[in-house]
Amino acid sequence: MRGPFAFGVLVILVALGLNSFFVVDEKHRALVLQFGEVKQVKTDPGLGFKWPLIDTVVQYDDRILSLTTQPLEVTPLDDRRLVVDAFARWRITDLVRFREAVGTSGEDGARDRLDRLLTAKIREVLGAVPSTAVLSKDRTPLMNQIRDLARKEAASLGVDVIDVRLTRTDLPDQNLSATYARMRAEREREAADERARGAEAAQRVRATADRTVVEVTSQAKKEAEVIRGEADATANKVYADAYSKDQSFFAFNRALQFYADSMKAQSSSLVTQPDSLYFNYDDFLRSIGEVPKQTASSVAQGAAGQ
C-alpha cells in the first residue's frame, strides 16, 4: 500500500509543482487572479509563480490591436447624409483597470465597447461640421479630434486609442443619382456661362475689328480723295498752262483725243454725215465749249484733208 500511495502523492506533488509556474511570452502580459481578485501583474516575459488550485492566470495581448467599425450614417450640419466607416489602432495599457472594466469578456468585450465609443464620437464630430469638410481630401483634423475624444473615454477601460482613420465617406446609394444629377446640372450651367462669356468676348472683338476696318477704310478713302484732288488740281494746272501757251494746238489735241476715244476698238465702224462733228472742226470746238479760231480750223481741215 505504501508504494502506490507514495507514487500517487508524488504525482500530485509534481502536478502541483508544475501548476505553480506559468510562462509569459513577449507578445503578452498576464494577471494572476485569486478568487477573481488581482494579486499579481506580470508585464515582463518569462517564468512566473502562482499558487496552484487557488490562483488563475489570464493573459492579454500586449501588441497594438485593430478595430474596424461598421458603416454608419451621419448627418453633418448641412443635413446631407453620409455613410462613414473607420478603423482604429488601440492597445491595453492598464491590465488591472482593463480587467475591472471588461471582466471575463476580455479583448472581444473591449472591442465591442470601443466600437460603440468610436461610433458615438464619429457622430459627434462629423455632425458639427458641413459635409464638404467630411468629403474633403484633408480630413486629418477631424480624425485627430475623434481620436482625442475617444482616447479620453477609453482611458477608463485601461485602453489607449493610438490612431483613428476614416476609411470611407460616401453618400448613401439612394442619394447618389440625385447628387450626380445635381453635379451634372452645375457643370452644364458653368459650361453655359463660359460659352456665354466667350461669345460676349468674341462679339466685342468682332465689333472692335469692324470699327477698326471702318476707321481704316474711311481714313484711306479720305487720303485717296485728297491725293486724287491734288492730282486733278496738278493736271488741271498743267492743262491750263499748256492751253495758255498754245490754245489752237490744245484744241486740236483735244479733237484728236476725241477721235481716238470714239474708235478704240479695232473693229469699230463709224457711220455719220459729212456735216457731223467729225468733219466740222469748228462745230466740234463749239460742242466742247471752245471758241473756234481761224488758225485752229485751218489746221484741223488740213489734217482732215490729208
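Student: Which side chain does the side chain of Arg99 join in a polar contact?

Tutor: That's Tyr60: the two side chains make a polar contact of 3.2 Å. Keep in mind that we're looking at a predicted model.

Student: OK, and where is Arg99 found?

Tutor: Arg99 belongs to helix α2, which covers residues 95-102.

Student: What about charge, which side chain of opposite charge is nearest to Arg99?

Tutor: Glu100, but it's 9.1 Å away. A salt bridge needs the atoms within 4 Å. Arg99 has no salt bridge, even though it's buried.

Student: What else is Arg99 in contact with, leaving aside neighbours within four places in sequence?

Tutor: Besides Tyr60, the list has Leu31, Leu33, Val58 and Thr104.

Student: Let's stay with α2. At what angle do α2 and α3 pack?

Tutor: About 75°, and their axes are 10 Å apart. That angle makes α2 roughly perpendicular to α3. By the way, α3 is residues 106-126.

Student: Which residues meet there?

Tutor: On the α2 side you have Phe98, Ala101 and Val102. They meet Gly106, Glu107, Ala110 and Arg113 of α3.

Student: New topic: Arg63. Where is that one found?

Tutor: In the loop between β5 (55-61) and β6 (65-68).

Student: What does Arg63 touch, not counting residues up to four places away in sequence?

Tutor: Lys27, Trp90 and Arg91. Also, the C-alpha atoms of Arg63 and Ile92 are separated by 8.1 Å, with the two residues 29 apart along the chain.

Student: And which side chain joins that of Arg63 in a polar contact?

Tutor: Asp61, at 2.8 Å.

Student: Zooming out, how many helices and strands does the protein chain have?

Tutor: Nine helices and nine strands. The chain has 306 residues, and buried ones make up 26% of them.

Student: What share of the contacts between residues at least 6 apart in sequence join residues at least 24 apart?

Tutor: For this protein chain, that comes to 64%.

Terms used. Residues numbered from 1 in each chain as written. Predicted model: local features only at pLDDT ≥ 70, side-chain atom pairs only at ≥ 80, totals over all residues. Heavy atoms only, no water. Helix = DSSP H or I, 4+ residues; strand = E, 2+ residues; numbered from the N terminus. Buried < 20%, exposed > 50% of the residue type's maximum accessible area, 1.4 Å probe, protein only. Lys, Arg positive; Asp, Glu negative; His and termini not counted. Polar contact = N/O pair within 3.5 Å; in protein donor to acceptor, adjacent residues only side chain to side chain. Contact = heavy atoms within 4.5 Å. Axes fitted to C-alpha atoms, helices over the stretch in contact; angles between N-to-C directions. Parallel < 35°, antiparallel > 145°, perpendicular 65-115°, else oblique.
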